[in-house]
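Thank you for asking me to look over this model. My comments follow as numbered points.

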Amino acid sequence: MTDAQQFEAFVRNYQDMVFSTAMRLTANAAEAEDISQEVFLRAFEHFSELAGDPRAGGWLKRVAINLSLNHLSRYRARWSFFSELVHRNPAGEEAEIEYAAPNDVEEDYAVAERRLLVEQALRQLPSAQRVPMILFHLEGMKYEEIAAKLGVSLAKVKTDIFRARTAMRKSLSPRLQNDWRPAA
Amino acid sequence: MNPDMEKELETEMSLALKGLPNLAAPPGLLARTMRALEQPAPWRLKPWTGWALPTRIAFVVIALAAVGGGVAELRVVEPGLLAEASRRLSPVTAGFTSFWNVLRALADALALGVGHLGKGFMLACLVAVTGACAVCAGFGTIFVRLALSGPGKNQL
């Protein structure tokens with residue numbers, strides 16, 4: 001197997017994970033695709049170390065998170081102020097959500113539908129709430145780590161995550177059954 | 001909201017989000033990544049050792065010619081040329097000298113004023129000017145942050 005073929009297999013193996021990370025943080029498919037490509041271009045520079053390393057997934061995820069956060073803070077802030085004066089509909093551009101092939105082909109339709117609703121609810125959150133919530137719940141980061149990563153206070157992280165959870169509950173509860181709610 | 005309800009909300013969201021599988025990457029991602037890798041970087045962005053041999057040879061020849069030409073040029077400079085250049089530049093340097101003299105006179109006047117008005121008055125003026133600068137800088141920072149963050153959002 002040539003180096004190019006090895007790298008192609010590497011990209012194929014991790015592309016869903018990298019894209020998901022970028023997509024959930026940016027909530028924009030085109031930006032997530034650009035970020036994913038950049039992640040793999042960087043991975044190629046370190047491919048001799050990453051190939052066959054079981055920690056490669058963690059490295060890719062870390063780079064994807066960092067690039068997504070850089071992207072959000074660097075590019076979006078420039079135009080968000082002006083664009084929001086004109087257009088404040090967070091659900092304006094809905095891209096179709098497609099999951100990676102499930103392991104169990106007989107996956108329950110209700111579960112798939114519930115996941116779709118959760119993804120949509122996530123995308124409708126403002127990035128200031130969505131990003132810390134994803135870092136906490138999906139990436140397993142602690143409040144302190146998130147505050148350091150985003151350069152904001154611990155209190156702000158907690159408030160934003162709380163607001164995000166409340167908004168998610170409000171958005172999901174009318175449409176979902178209580179099957180994922182903990183027993184009272 | 002009380003801590004119990006907050007905990008319940010956290011658990012609820014953890015359950016909702018934990019089960020999310022990976023999204024499918026766009027079908028073109030692999031192809032465009034491989035294409036980007038195959039695309040050669042422009043020669044000027046590569047390190048010198050990565051340039052093609054003819055380009056490297058041409059670069060060395062041009063660099064040597066430029067250095068050699070410069071040295072040869074210095075040798076043929078006439079001795080009187082520097083004196084002539086200095087004579088031609090004298091109006092400009094004279095302008096700088098006048099400017100410096102004015103600055104020195106103003107500084108002397110300021111020192112005289114400080115001696116006459118007293119240190120307390122000058123200190124109060126200094127504090128007022130510093131305070132005004134701080135207020136300007138503070139408002140400037142707030143306005144810039146507001147403009148960059150947008151309404152109701154942090155820097156993300």
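1. A:Arg24 is buried, its relative accessible area being 9%, where buried stands for under 20% relative accessible area, exposed for over 50% and partly exposed for what lies in between (1.4 Å probe, protein chains only). The residue belongs to helix H1 of chain A; helices (H or I, at least four residues) and strands (E, at least two) are DSSP runs, numbered from the N terminus.

2. The side chain of A:Arg24 makes a polar contact of 2.4 Å with the side chain of A:Glu119, and a polar atom of the A:Arg24 side chain also lies 2.6 Å from the backbone oxygen of B:Pro21. A polar contact is a pair of N or O atoms within 3.5 Å; within protein, one must be able to donate a hydrogen and the other to accept it, and residues adjacent in sequence count only if both atoms are side-chain atoms.

3. This is a predicted model, in which local features need pLDDT of at least 70 and side-chain atom pairs count only at pLDDT 80 or more, while totals for chains, interfaces and linings use all residues. Residues are numbered from 1 along each chain as its sequence is written, chains are lettered from A and ligands numbered from 1 in the order in which they are written, and side-chain values use heavy atoms, with hydrogens and water left out.

4. Chain A has eight helices and zero strands, and buried residues make up 46% of its 184 residues.

5. In helix H2 (residues 29-38) of chain B, the residues B:Leu29, B:Leu30, B:Thr33 and B:Met34 are buried. They lie on the same side of H2(B) because they cover an arc of only 125° around the axis, the arc being that of the directions from the helix axis to the C-beta atoms. B:Arg35 and B:Glu38, on the other side of H2(B), are exposed, whereas the cover over the buried residues includes helix H1 (3-26) and helix H2 (29-45) of chain A.

Technical notes
Contact means heavy atoms within 4.5 Å.
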